[in-house]
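Please have a look at the sequence and the model first, and then I will go on.

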Amino acid sequence: MEQKKLSDLLAGDSFEGFVLIRSFSVKTGQTGKNYADLTVADAFSELNGKIWNYNEEQFKDFKPHILVKIRGSVVSWMNTMQLKIERIRLATEDDPVSIKDFVPAAPKSSEEMFDVLKSYINRINKQDIKDIVTYAVKLRKEKLLYYPAAQANHHSIRSGLLYHTTTMLAAADALSKIYTDLNTDWLFAGVILHDLEKTEEMDSSELGLVSDYTKKGLLLGHIVQGPLVIQEAAKAVGASDETTVLLQHMLVSHHYEPEFGAIKRPMFPEAEMLHYLDMIDARMYDFRKALSEVNEGGFSEKQWLLNNRRLYKKTED
C-alpha cells in the first residue's frame, strides 16, 4: 500500500494512512483539559502526534505497538514537525497492511548474523573464555535472534542487538590487525557478552518492539546482570577465577563513565577497546539513521542523542 513517508512530511501537509503507535500517553494542557500525546511510526521514521479532542472512553483501546489509521495535518512546533491528528481508528484484519511492514529491522537476516557470531566464537582459542561465551549465548539464543539493542536509542530495531554485536566484531577484527598486541580471545568475548543481558533487561515481542523494562532490568540493568551470568557460566564449565573476573570487568567497565552506569573504568587494553568499539558503532548508527531522512546538502534536526547537534549530509559527487 502506497502512502506518504512520515519523514517526507512538511508543515502544511495533510496525511492519511496507517501508522504504528510507538508510545501513547495522556497529558493535561494549560487549560486543564486532557490530550493524547503519541509517537507514531512507519518503517522509516517516527513523528510526534497530538489528539487535542481527547475522550477517555473513545481512546481506551489505544496503546503502544498497535496499528492505526489516522488522518491529520502537519504543523511546525518549536522547529519540529508534529501531526495534529483529527481522525484515528484501529486497523482491522480487512485493511491491506501488516504490522511487520511497520517494524524497522536489521539489514541482514538474524540467521545470517548468528552464523557470523558463531564463527567468531570458534576463533576464540582460550578454552575457558570460549566455554563461558558458548554457555551464555546458548542461554539467550532464542531471544538474541530478534531482540533490539535498546527501547528507543541506537539499534532499537528488530534483531538490532545481533546487528550491533556482529558489526562490533567486524570492527574488533579489523582493529586487532593494527593494534597487534590486543588479544582477540578477550576482545571477541567482550563484544559478544557486553550487551547480551539486554535480552533480560527489556521485555520485547518477537517483532523487536519493547513494551517496558523488566523488574530485573529496572533493579539491576544489563551491566550487573551480565557479570552474574558470567559467574553462572564459569561455575558450570569450570572456568578459572582469573578468566571469570576479567570478563566480568569488561562488562562492568564498558560504559566507561559512572554517570552512564559503569562500575569501573577499563583496566586492561581489551576492556578499553571494547568501550570504544561500542561507542563507535552506536554513534555511526545514530548518524546513519539521522542522515537517512536528509537530502544531500541539507541539515538534520537537532539530535539529542548527539549533544543536540544538527548533522550535515554532504553532497556526493
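In this predicted model, the side chains of aspartate 286 and arginine 283 meet in a salt bridge, with N and O 3.6 Å apart, the term meaning that a side-chain nitrogen of Lys or Arg lies within 4 Å of a carboxyl oxygen of Asp or Glu. Both residues belong to helix 9 (residues 269-291), and because they are three residues apart there, about one helical turn separates them; helices here are DSSP runs of H or I with at least four residues, and strands are runs of E with at least two, numbered from the N terminus. Aspartate 286 is buried at 9% relative accessible area, whereas arginine 283, at 27%, is partly exposed, where buried means under 20%, exposed over 50% and partly exposed in between, using a 1.4 Å probe and protein chains only.

A word on conventions: residues are numbered from 1 along each chain as its sequence is written, and side-chain values use heavy atoms, leaving out hydrogens and water. Because this is a prediction, local features need pLDDT of at least 70 and side-chain atom pairs count only at pLDDT 80 or more, while totals for chains, interfaces and linings use all residues.

By the salt-bridge rule the count comes to 17. One of them joins arginine 22 and glutamate 46, at 3.7 Å from N to O; arginine 22 lies in strand 1 (residues 14-28) and glutamate 46 in strand 3 (residues 46-51), so this pair ties together parts 24 residues apart in sequence. Arginine 22 is buried at 16% relative accessibility, and glutamate 46 is partly exposed at 44%.
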